[in-house]
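Okay, thanks everyone, let's get going.

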Amino acid sequence: MAAVFARALATSPHAAGPAPRATQDPAWVRWTLTAVALLFLLFFLVLPLAAVFTEALRRGLGAYFAAFRDPAALASIKLTLIAAGIAVPANLVFGVAAAWLIAKFKFRGKSVLTTLIDLPFAVSPVISGLIYVLVFGLQGWWGEWLLAHNLTVIFAVPGIVLATMFVTFPFVARELIPLMQAQGADEEYAAITLGANGWQTFWRVTLPNIKWGLLYGVILCNARAMGEFGAVSVVSGHIRGETNTMPLHVEILYNEYNFVAAFAVASLLALLAIVTLVLKALVEWRHAQSRTL
Amino acid sequence: MSINVTNIHKTFGAFTALDGVDLTVPRGKLVALLGPSGSGKTTLLRIIAGLDHADAGSGRIEFHGEDVTRVRAGRRKVGFVFQHYALFRHMTVLENIAFGLRVRPRRERPAAGEILDRVHRLLKLVQLEGLDARYPNQLSGGQRQRVALARALAVEPKVLLLDEPFGALDAKVRKELRRWLRRFHDEIQLTTLFVTHDQEEALEIADEVVIMNQAKIEQVGTPQEVYDRPATPFVYQFLGNVNVLRGQVLEQVGAPRDRPGTLVADGLIYVRPHDIELAAYVPGAGGAAAVVRYLHLAGPQARLSVELVQTHENVEVEVSRTELAGLGLAVGDVVRLRLRQGHA
């Protein structure tokens, strides 16, 4: 390694003299652009993240951990895990099925389906929540039927799960469609001519080829499922200890000027984000490894 | 096993890919399906394999007299080799070749040891011994193609179908591999149909060439038959270089007397560059007068571009370099053109 650098230095124009390279801008341009980028990162990413942890730990570790002993906080963590625990597997199955359909088959209405999958990305999360209130709410289309059967969706756990599923709908499918389209259907056809049935073809050929992309999509889907605020806020009703997810709980604590507790729960979400990013980087790295293998 | 295909129609929307195609591949032969891109040859191959279907109500496919038209692709016992190999990228060479055996239902599946034996026999057959633990992306194009072939043969197919088997390889490997395929076919004697757009490839290794154009079969014959006696102007132009002369030159150049290699159709004469004879220009001696425009001397044959004095048409002529030296021609000289007579 050192030898390589030594050789690079020896042959670089700087060693011979200050002749500027044809592909390089002047030094002041390079330094200014780098500085602007770093400052931007500092103010918009690093400082807010640091602020979350400083505020959370302002009164010491005791106060920090006390925030998690509050039953309402525990309930919000539990609800977030339930919502993500249902929404992520559901969207995993749906995403794989939709991507498989779109990437490997030709049919009428395919572009409509592709657009529909993107719909949750396109509409405001608040609208997504309102849709469910309109459909399942007391005054909504199925309100009376639900009431007659003693079912509650809005201002209850089912509504939160539905809203979470809706906003995280596209993640897995979006991740897989370009990957599967690039891979084409030849391997599947080969498996079929070799006598494999549809199920064998899927488990032995399709799934192994998309596993890293799938994992990547699931990680992003999970991060969003746990962090979703807008859509969930509309359908939740903010019943403390019952229908509050972590992001909603943070908002309530903050509005009550309980800053330490608010930032403590927020720090948990921030940690989740950091873990997600590390996992994502790890998956990308493994994926690159498996390609060059 | 022979392949018998009758009356296949296939349309994609308004586009006709196959228009009533009949085809027979005799038992144990290596047959090339040759045509330009878009002529329907790959579609036909996929329909024979069962990966695609003929239009409703049309077509019948038989393997050695047995109707397989309604049999699923996986049950047709077809070995299919894809243009881009379609190897399972996450499996080793061994796992790729064993795949077709391992997905069989338990009672039809050979024992694990027997599968390994068979894989190793196949690796030996395609000359890839010792590469069983490699992954497809650790192999060269030619090696991948042979793995694909071994994988297709592992299930003991009744017929072998190859889609542009050398299409993704560079020129040198192509030539080596196609000769290898010919020898390989002589060894295994499996009824084989391969699709190609490369006429040189088809003419070199096939027992029989089927030439397709615009959803129809134009001609079927041995390589020599289709080259020497092209049935249609399309076949003529597709197989090698050709000059198209207008009929009015016919009296001057001399009518072809049942000479292989020359076709007169719709008032046009189709003639190959090496079927034209050059002579020094003597007024009144017959033949069409032409002016030499270019001389290309690289290669075993000299190639000339000459312009007919009467019609200003350009004609390509190939003569041996000795013949050219005898004539002592230079650019701007006037020559006489005649069709060579008798068998070449």
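So, chain B to begin with: its accessible surface comes to about 15,800 Å², and 48% of that belongs to carbon and sulfur atoms. Keep in mind that this is a predicted model. Chain B has 344 residues, and 49% of them count as buried. In secondary structure, we get 10 helices and 18 strands for chain B. Along the principal axes, the C-alpha atoms of chain B fill a box of roughly 85 × 50 × 35 Å. And if you take the contacts in chain B with a separation of 6 or more, 65% are between residues 24 or more positions apart.

Now the charges. Chain B carries 44 positive and 40 negative ones, and their mean positions are 6 Å apart.

How many salt bridges does a search of the whole structure find? Over all chains, 25. As a reminder, side chains of opposite charge can pair when their charged atoms come close.

Let me show you a few. In chain B, B:Glu164 and B:Lys41 meet in a salt bridge at 4.0 Å, N to O. That pair links distant parts of the chain, 123 residues apart: B:Glu164 is in the loop between β7 and α5, and B:Lys41 is in helix α1. Are these two buried or exposed? B:Glu164 is buried at 6% relative accessible area, and B:Lys41 counts as buried too, at 4%.

Next, B:Glu66 and B:Lys158, with the closest N and O atoms 3.2 Å apart. B:Glu66 sits in strand β5 and B:Lys158 in the loop between α4 and β7, so this bridge ties together parts 92 residues apart in sequence. Here B:Glu66 is partly exposed at 42%, and B:Lys158 is partly exposed at 21%.

There's also a network of salt bridges in chain B, linking B:Lys175, B:Arg178, B:Arg179, B:Glu200 and B:Glu204.

Over to chain A. A:Arg174 bridges to A:Asp118, closest N and O atoms 2.7 Å apart. A:Arg174 is in helix α10 and A:Asp118 in helix α6, so the pair joins parts 56 residues apart.

Helix α10 also holds A:Gln183. That residue is buried, at 16%, and leaving aside neighbours within four places in sequence, A:Gln183 is in contact with A:Asn209, A:Ile210 and B:Arg89.

Last stop, the surface. A:Arg204, B:Arg102, B:Arg106 and B:Arg109 form a positive patch. A:Arg204 comes from helix α12 of chain A and is partly exposed at 34%.

That's my tour, thanks.

Methods. Residues numbered from 1 in each chain as written. Chains lettered and ligands numbered in written order. Predicted model: local features only at pLDDT ≥ 70, side-chain atom pairs only at ≥ 80, totals over all residues. Heavy atoms only, no water. Patch = residues over 30% accessible without salt bridge, like charges linked within 9 Å, V, L, I, M, F, W, Y side chains within 5 Å. Areas by Shrake-Rupley, 256 points an atom, 1.4 Å probe, with all protein chains shown as cover. Salt bridge = Lys/Arg side-chain N within 4 Å of Asp/Glu carboxyl O. Lys, Arg positive; Asp, Glu negative; His and termini not counted. Charge placed at Lys NZ, Arg CZ, Asp CG, Glu CD. Helix = DSSP H or I, 4+ residues; strand = E, 2+ residues; numbered from the N terminus. Buried < 20%, exposed > 50% of the residue type's maximum accessible area, 1.4 Å probe, protein only. Contact = heavy atoms within 4.5 Å.
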